[in-house]
Amino acid sequence: MDVGSKRDLVGELADAIRRNTDLHFGLYHSLFEWFNPLFLTDKQNAFQTPSKSLPELYEIVLKYKPEIVWSDGDVKDVVVTNDRWGTGCMCKHGGFYTCSDRYNPGHLLPHKWENCMTIDKRSWGYRRNALISELLTIEELVKELVETVSCGGNLLMNIGPTHDGRIPVVFEERLKQMGKWLKVNGEAIYSTKPWRAQNDSITPGVWYTCRSQEQSVYAIFLEWPTNWKIILGEPIPGGKTENWLELRSDAMSRLESP
């Protein structure tokens, strides 16, 4: 609170989220970057220096009580067996494992994973000189979401706030557009699992999810069929298969005028 907005932005965010019981609250904690003098001292001591991040983490946990804490940082020169960088965890994401901070394999993986990406193609933070062409469109964002969920991943969609905690209008627009799409199509996203096939073998751009308990399969197509016909190669109907299809009129091609 000593710099920037002079406000407890984290506390205000925590209070706002907890007033909405449908949301969960987590916090991101950035470890020292490779150029930080404290990191360089730790490096000189073979990374055996007592952690200087503990006071910050204690404050985060005790004051704001998040449900999850994401500790992140540059892994340059760090031995891969050091567990404090998360090398032994079950859930993988980009960065350390892929040499990229945006990760979407496009196929099913044998472990949990996360697609960490940003609306701004070039930055995780706010850029006042960013061009509209450098921001992902809602169609591109929905594509990322659908492919990620179909392949068993979790989507982390980052926006960069301004120095005083405001969400720029263009990011607000993208979030609202995503919310409108999920309001209609969320049944095929929330609480679903990967199906035996992730995308269709005949029609490109069709991705599948399923609900095993309800024995339901969802085929999500990202482009509206021009002739109002869509041919699916993966579903194999059986004797008890119930053929049911709903074409939702506010599909992705109509997001701009919901």
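**Close-up views of a predicted model**

**View 1. Helix α4 and the glycine that follows.** After α4 comes Gly152, with a positive phi near 85°. Helices (H or I, at least four residues) and strands (E, at least two) are DSSP runs, numbered from the N terminus. This is a predicted model: local features need pLDDT of at least 70, side-chain atom pairs count only at pLDDT 80 or more, and totals for chains, interfaces and linings use all residues. Residues are numbered from 1 along each chain as its sequence is written, and side-chain values use heavy atoms, with hydrogens and water left out. The end C-alpha atoms of α4 are 18 Å apart.

**View 2. What covers α4.** Buried residues (under 20% relative accessible area, 1.4 Å probe, protein chains only) of α4 include Ile138, Leu141, Val142 and Leu145. Glu147, Thr148 and Ser150 are buried as well. Their cover includes β3, β4 (153–158), α5, β5 and β6.

**View 3. The largest nonpolar core.** A nonpolar core is a set of buried Ala, Val, Leu, Ile, Met, Phe, Trp, Tyr and Cys residues joined through side-chain atoms within 4.5 Å. The largest has 26 residues, and Leu145 and Trp181 have the most contacts inside it. β3 (113–118), α4 (138–150), α5 (169–185) and β6 each supply at least two of the core residues. The largest share, six residues, comes from α4. Beyond its neighbours within four places in sequence, Leu145 is in contact (heavy atoms within 4.5 Å) with Leu155, Met178, Trp181, Leu182 and Ile189. Another core, of seven residues, lies apart from this one; among them are Ala197, Val206, Cys210 and Phe221.

**View 4. Strand β5, covered on both faces.** All six residues of β5 (206–211) are buried. In a regular strand, side chains alternate between the two faces of the sheet. On one side of β5 sit Val206, Tyr208 and Cys210. On the other sit Trp207, Thr209 and Arg211.

View 5. β5 pairs with β6 (residues 216–221) in the antiparallel sense, over six bridges; pairing requires at least two DSSP bridges. Trp207 has Ile220 of β6 as its bridge partner. Four residues separate the two strands of the hairpin. In the turn, Gln215 has a positive phi of about 55°.

**View 6. The annotated span 198–236.** An unreviewed UniProt entry places "domain: Alpha-L-fucosidase C-terminal" here. The span is 0% helix and 31% strand, and its end C-alpha atoms lie 14 Å apart.

Definitions and conventions:
Buried means under 20% relative accessible area, exposed over 50%, partly exposed in between (1.4 Å probe, protein chains only). UniProt positions are given in the numbering used here, feature names are shortened, and annotations may be inferred rather than shown by experiment. The expected span of a helix is 1.5 Å times one less than its number of residues.
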